[in-house]
2 protein chains.
Amino acid sequence: MDILVQKYGGTSVGSVERIKNVARRIIRSKEKGYSVVVVVSAMSGETNRLIDLAQQVTAEPAKREMDMLVSTGEQVSIALLAIALQDMGHPAISMTAAQVGIRTDANFMNARIQHIDDKPMKAELKKGRIVIVAGFQGIDVGNNITTLGRGGSDTSAVALAAALKAKYCEIYTDVDGVYTADPNKVPDARMLREISYEEMLELASLGSKVLHSRSVEIAMNYNVVLHVRSSLNDNEGTLVVKETKEMEKIRISGVTSKTDEARVTIYDLDDKPGVAAAVFSELAASRINVDMIVQSSALEKTHTNRISFTVKKSDIKSVEGVVEKLRKAGTVNGKHLVDTKIGIVSIVGVGMKSHTGVASQLFAILAKNKINIEMISTSEIKISCVIAEDRVLDAVRAIHRDFGLGEGSVRSAAKPAAKKAAAQPAAKKKG
Amino acid sequence: MDILVQKYGGTSVGSVERIKNVARRIIRSKEKGYSVVVVVSAMSGETNRLIDLAQQVTAEPAKREMDMLVSTGEQVSIALLAIALQDMGHPAISMTAAQVGIRTDANFMNARIQHIDDKPMKAELKKGRIVIVAGFQGIDVGNNITTLGRGGSDTSAVALAAALKAKYCEIYTDVDGVYTADPNKVPDARMLREISYEEMLELASLGSKVLHSRSVEIAMNYNVVLHVRSSLNDNEGTLVVKETKEMEKIRISGVTSKTDEARVTIYDLDDKPGVAAAVFSELAASRINVDMIVQSSALEKTHTNRISFTVKKSDIKSVEGVVEKLRKAGTVNGKHLVDTKIGIVSIVGVGMKSHTGVASQLFAILAKNKINIEMISTSEIKISCVIAEDRVLDAVRAIHRDFGLGEGSVRSAAKPAAKKAAAQPAAKKKG
């Protein structure tokens, strides 16, 4: 019997009524003939309530104990969901990470899954039970409870699907799927029926909140077919799969933007080996995540370089500290500037690899709209431009329109069922 | 290093502020040189909140899942307490029942402890850590989470103390200790410095809410010295210990009462073997707990018996059903009467075994106060009388006065420290 893994987030199980709705949805999948394993998050608000209790004790609670504390949130959800399923006449059993055997490293609050035992879950599935697993948690080699950090329940679901060789891993969320652009910003944004792991990874790291990148990485490594769907309706959603020849016919699959970063430029750096390394290793030591980096060619006259990079606006204070340190060390001698009024616009698509002229078309669209490009960064399947913050919305709409993303050129899934769904008008974001 | 086990109830850890107070108390014990293992209940109100969530899903939630659900309450407490201790500079580690290795049977919601592994706790104590264990919970042979039923955290604490061969098991509660009578009813009730396991068992089963009888049974079986103390002050409290010669010098140690039972009398039962068995096995099959039972001698003329017994008032409806069933089966042919206006007054004391005349003195006291005795039941260290409900308070006060329980005749602990405490005026109930 094919195994289906489903993951429901905190909003989907946020109340007793919603838990009952989730139970009904699970039963429908079970009745289609699947063996069903369900991963749930804590009820929305519960994790924050627990963190707040700890914060009332001390501003810096011990990490091991925080994991002991917050992991109870998921344990409550799995018990209530199992109770609901049994009440509806369907055998179900809840399991903590310890009971399943989800082994992680001992990096509390941000642990990585190392191994999952498929036997305890398979034994329960064999008895005809629906297995409800607590997301977000694991246990280390000393049987301490760990948690997986941001997007942890997605990661749990994908890792379980990989361990169980599940046919699909369905990620239920409060949006209908992955769109060509944020439907709140671009009214004719279309839902993608299919997207490659690589594209999803770029979109995840570009700030799309549908899936956390770690879960996409695991899905890619273990060939888990992800299905992003809404828990509020029965729309088809988006399949995240291995790249196909078909996908490459479409040059770009989506446009995204973010405005939570700032640009830092350091001038007059010596043009000699090790200077860039000194700057970025100092930033890394202060745990500052650097996103885009651009270094101009050395000016022949002065033998100096200029390095620009973007970081989260919330990290700017830490960056100033690092620059101060680099000044004392003699690495930085010239001025440095911080610009918080920037935005980043990106286009993503595996088709870029085989279609030439995508970059020049993007630059032309921006130019036509009199939007100045301040930095450019590219990967094989992504082009990002730093522009003025107040032009981001214009840029996203222009790119979406001029690349024809809203006009049916968008890729649909190869399956007949999905094709039928693709013919319907695309549903909009609900959350 | 001597091991001390402390147990704090839900009220003692009912808020972050109280958890900090408990942490300070634990640190004082640790600084006296003990290795400390602490058992905590869920924060007051939390277990009810969780049960209420399940009740919103269905009126009859599955028991295994209820244990999965409510056991999170204790997990939250242990994490918060460990966080508080670490914040105060004392190494501490929280442990679930699964992490300790508290093995129980698979009787969900009312499991019995079968075995406790002392190694994981001792390994942590050896590192100088304070070990905080979740009370009320265990795991069965299939690693399912179980809970121990009423008074479960007391049971956890005593069982851990037995497994660790702890010097004392301190039970912190909201009363100062065990009294000769309920201080709310008898103003000059005195606290007992020392009481035997057997007396405590009788008092527990007679409705004293200080300790649950199962925990006293385990303490008696494994010779665990129990110390009942208040978490609100530093008073000495009551030691529950093995019976000593000294104890027998005092005839009775306390008087208790309850008014939550009703008396059922079945008339004209055939005087032949198996009739009483038929009645009480039918009651047992309906899970009705029978407390006192009295059967009068057969009347020679009619060859019939009369059986009276007491049950909880809340069970009366079920009893009526059982009697109906017995009528259909032909076991009951005569009338039956239910009296809900009764109370039970009891005196307890190991001294009864060696002092004659205790029963007659009790009956004389009741007679002098014109209190009619409707049923009598005795054990080696207890005498109980059923009387009219509205005379219970008079009876308790008269017995307390005439046996001299308030006048310094009450037993004090043999230890010099405790003797000193006994000389102080007895503290009153705070809760």
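Which residue of S17(A) is the bridge partner of Arg263(A)? I looked it up, and the partner is Asp339(A).

Ground rules. This is a predicted model, in which local features need pLDDT of at least 70, side-chain atom pairs count only at pLDDT 80 or more, and totals for chains, interfaces and linings use all residues. Residues are numbered from 1 along each chain as its sequence is written, while chains are lettered from A and ligands numbered from 1 in the order in which they are written.

Entry 1, the sheet in chain A. I took helices (H or I, at least four residues) and strands (E, at least two) as DSSP runs, numbered from the N terminus. Two strands pair if DSSP finds at least two bridges between them. I found an open sheet of four strands, in the order S15-S16-S14-S17 (chain A), with antiparallel pairing. Its edge strands are S15 (290–295) and S17 (336–339) of chain A, each pairing on one side only. S14(A), residues 261–270, runs antiparallel to S17(A) and is joined to it by four bridges.

I call a residue buried if 20 or more other C-beta atoms lie within 10 Å of its own, exposed if 12 or fewer, and partly exposed in between, with C-beta atoms placed from the backbone. In S11(B), residues 226–230, five of five residues are buried. Leu226(B), Val228(B) and Ser230(B) lie on one side, with His227(B) and Arg229(B) on the other. In a regular strand the side chains alternate between the two faces of the sheet. S9(B), residues 168–173, runs parallel to S11(B) over five bridges. S12(B), residues 238–241, pairs with S11(B) in the antiparallel sense over three bridges. His227(B) stands opposite Glu170(B) and also opposite Leu239(B) in S12(B).

Which residues of H5(B) are buried? I noted Met121(B), Glu124(B) and Leu125(B) in this helix of residues 119–126. They are on the same side of H5(B) because they cover an arc of only 100° around the axis (the arc of the directions from the helix axis to the C-beta atoms). On the other side, Lys119(B), Ala123(B) and Lys126(B) are exposed. Gly128(B) follows H5(B) and has a positive phi, near 85°.

I superposed them by least squares on the C-alpha atoms of residues with pLDDT of at least 70 in both. A rotation of 179° with 0.0 Å of shift along its axis puts chain B on chain A, with RMSD 0.1 Å. That is the relation of a two-fold axis. In chain B, the C-alpha nearest the axis belongs to Thr72(B), 2.7 Å from it.
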